Amino acid sequence: MRWSRRGFLRLCAVAGIGGVGAGFTGCAGKFLDDSLLHAPAQGEARPPKRPDRFILRRDLGDIKGAYAPGPESTRMLSLAQLSDVHITLEGFSLTGHPKLEKMLDGFGDSIGFGGLDRPEIIERFDVDVLRALIKTLNAADTDIDLVVNTGDSVDIGTIRELISFLTEMNQLNIPWFQTVGNHDRLVLGNIPSRLVEAYSGMDFLDKNAFIEKHFPTGKDIAGTTYGSRAKGFDFSPRSEVNPSVRVGFYTFTALPPVHGGLRGGRARPGIRFYVLDTSRSEGSASGQISDEQLEWLARQLKSHSDYLGIVVSHHPIARIKENQSRLLDLLLASPKVIALLCGHDHEHRITPYQAPGGLGFWQIQTSSLIDFPQQGRMLEIYMNPEGTGVVRTFVFNQQAAGHLGENARASYAEASKDRFDGSGKEQDRNADLIFSIAGRLR
Ligand SMILES: [Fe+2]
């Protein structure tokens with residue numbers, strides 16, 4: 001049975017919280033369970049399984065001396081990406097809020113599908129799926145330098161959902177970096193919280209609340225400390241336009257360059273990350289990038305000449321509506337940028353964005369943990385002696401045992417029967433993405 005978000009909300013409003021009839025259990029408010037927040041994960045895990053083969057992709061151009069990683073290649077950096085976790089601990093109902101329903105109806109078809117009709121078992125075990133993925137990464141922690149989450153940590157957009165997400169993510173033994181998605185600052189990924197809070201009385205996130213909750217000095221409504229062991233927003237400066245607002249974009253060095261060699265030149269470039277905030281303050285699931293952020297990014301990309309650059313955002317280029325062409329032009333004119341990591345579409349996809357001379361970057365999109373195939377992604381950056389490089393990437397399932405693994409697999413099995421398959425094609429999952437190095441450094 002497939003429901004539009006609008007029809008779903010109407011039905012919830014009529015039926016009240018908790019089941020609305022045979023075969024339909026998606027709008028229950030019964031997932032709010034404090035014991036889930038701090039219960040230890042039951043089960044062990046194994047590291048991400050490597051695939052047997054990788055598709056060699058030369059889509060950026062015929063780059064001389066480029067080939068798949070071999071014994072002579074140097075691994076510069078290894079990272080994991082997860083995306084669109086969509087933790088849902090609280091049901092969302094319009095019961096008792098007819099004004100809110102009327103307001104949502106006023107949006108008409110301008111608001112997209114909210115995902116509230118997922119089968120119950122998928123949402124019931126969303127924490128288990130995340131825990132299983134974290135355990136899988138922790139089992140390989142000596143082999144992974146950092147983890148990047150490309151946004152949509154939460155689903156409805158409540159503060160309690162974020163606390164749950166951060167509680168789980170703090171079990172990671174690896175530094176992790178956070179990105180703002182549309183669900184992280186907008187109710188149902190679409191609606192500014194100030195419009196809804198007046199009608200619902202619930203505590204929803206806005207961007208400032210989302211960022212501030214990542215700092216370990218905060219207190220939640222019950223007085224329990226929370227926050228995040230994530231790095232990332234601690235690099236996030238105050239807005240130049242409004243200094244009272246912390247911006248959601250930042251940059252950091254993941255790997256410093258090595259100087260030396262016979263002539264004292266560059267022996268190995270560094271790698272620097274540029275994390276963008278593409279969420280829209282005015283509402284809507286589509287992305288935007290502000291003038292202020294573009295100017296900041298242009299300044300940042302001009303500095304650190306000994307570095308390759310990896311850009312991170314929630315939205316892929318095609319989903320950014322405002323300033324899309326300015327962003328793309330800037331990235332293509334910045335040869336240091338080799339990759340853009342993103343999520344949002346809940347689908348594995350790898351797209352080349354070419355620039356003359358074999359330059360340009362790979363857009364690497366990763367699926368969601370709430371929709372099939374509920375996978376994470378590994379990325380390894382290699383340097384070959386000929387002045388070329390490779391992004392070796394592969395996707396992986398959670399590898400947990402015990403109850404944790406059983407619950408995660410039950411969710412996976414249900415998701416596989418669901419309407420949505422974000423697996424992509426083979427070349428979108430496990431691939432060696434060739435790029436040049438020499439032509440990118442100034
Ligand atoms: Fe999402």
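Visitor: How do you know that β12 and β14 pair?

Guide: In this predicted model, four bridges join β12 to β14, and the two strands run parallel. Pairing requires at least two bridges between two strands, so β12 and β14 count as paired. One place to look is isoleucine 310, which stands opposite alanine 339 in β14.

Visitor: What joins β12 to β10?

Guide: Six bridges join β10 to β12, again running parallel, and valine 275 stands opposite valine 312 in β12.

Visitor: Why is β12 called mostly covered?

Guide: A residue is called buried when its relative accessible area is under 20%, and in β12 (residues 307-312) six of the six residues are buried. This holds for both faces of the strand: Tyr307, Gly309 and Val311 point one way, Leu308, Ile310 and Val312 point the other way, and all are buried.

Visitor: What makes β7 and β15 the edge strands of their sheet?

Guide: The open sheet has six strands in the order β7-β10-β12-β14-β16-β15, with mixed pairing, and β7 (250-255) and β15 (349-355) each pair on one side only. From one strand to the next, the twist averages 20°. At one end of the order, β15 is joined by seven bridges to β16 (residues 359-365), and these two strands run antiparallel. Helix α9 (residues 291-302) lies across β7, β10 and β14, running at about 180° to β10.

Visitor: How do you know that β17 is largely enclosed by the rest of the structure?

Guide: Nine of the nine residues of β17 (residues 376-384) are buried, so the strand is largely enclosed.

Visitor: Which strands are joined to β17 by bridges?

Guide: Seven bridges join β2 to β17, and nine bridges join β17 to β18 (residues 388-396), with the strands running antiparallel in each case. Glutamine 81 stands opposite arginine 377 in β17, and the bridge partner of tyrosine 382 is valine 390 in β18. The hairpin of β17 and β18 has three residues between the strands, and glycine 387 there takes a positive phi near 80°.

Visitor: What makes Asp84, His86, Asp152 and His346 donors of the iron ion?

Guide: Their donor atoms lie 2.1 to 2.3 Å from the iron ion, and the cut-off for a donor to this metal is 2.8 Å, so these atoms qualify.

Visitor: Why is the site of the iron ion called irregular?

Guide: The angles among the four donor atoms run from 89 to 178°. Asp84 lies in the loop between β2 (74-82) and α3 (98-106) and Asp152 in the loop between β3 (146-149) and α6 (159-169), so the pair ties together parts that are 68 residues apart in sequence.

Visitor: Are these two aspartates buried or exposed?

Guide: Aspartate 84 has a relative accessible area of 0% and aspartate 152 has 1%; the limit for buried is under 20%, so each is buried.

Visitor: How confident is the predictor in the chain?

Guide: The pLDDT averages 83, and 82% of the residues score at least 70, but over residues 1-40 the pLDDT is below 50.

Technical notes
Residues are numbered from 1 along each chain as its sequence is written. This is a predicted model: local features need pLDDT of at least 70, side-chain atom pairs count only at pLDDT 80 or more; totals for chains, interfaces and linings use all residues. Side-chain values use heavy atoms; hydrogens and water are left out. Donors are N, O and S atoms within 2.8 Å of the metal (3.2 Å for Na, K and Ca); water is not among the atoms, so sites may look incomplete. Four donors count as tetrahedral if all angles lie between 85 and 135 degrees; four count as square planar and six as octahedral if opposite donors are over 155 degrees apart and all others between 65 and 115; anything else is irregular. Buried means under 20% relative accessible area, exposed over 50%, partly exposed in between (1.4 Å probe, protein chains only). Axes are lines fitted to C-alpha atoms, for helices over the stretch in contact, and angles run from 0 to 180 degrees between N-to-C directions. Contact means heavy atoms within 4.5 Å. pLDDT is the predictor's confidence in each residue, from 0 to 100.
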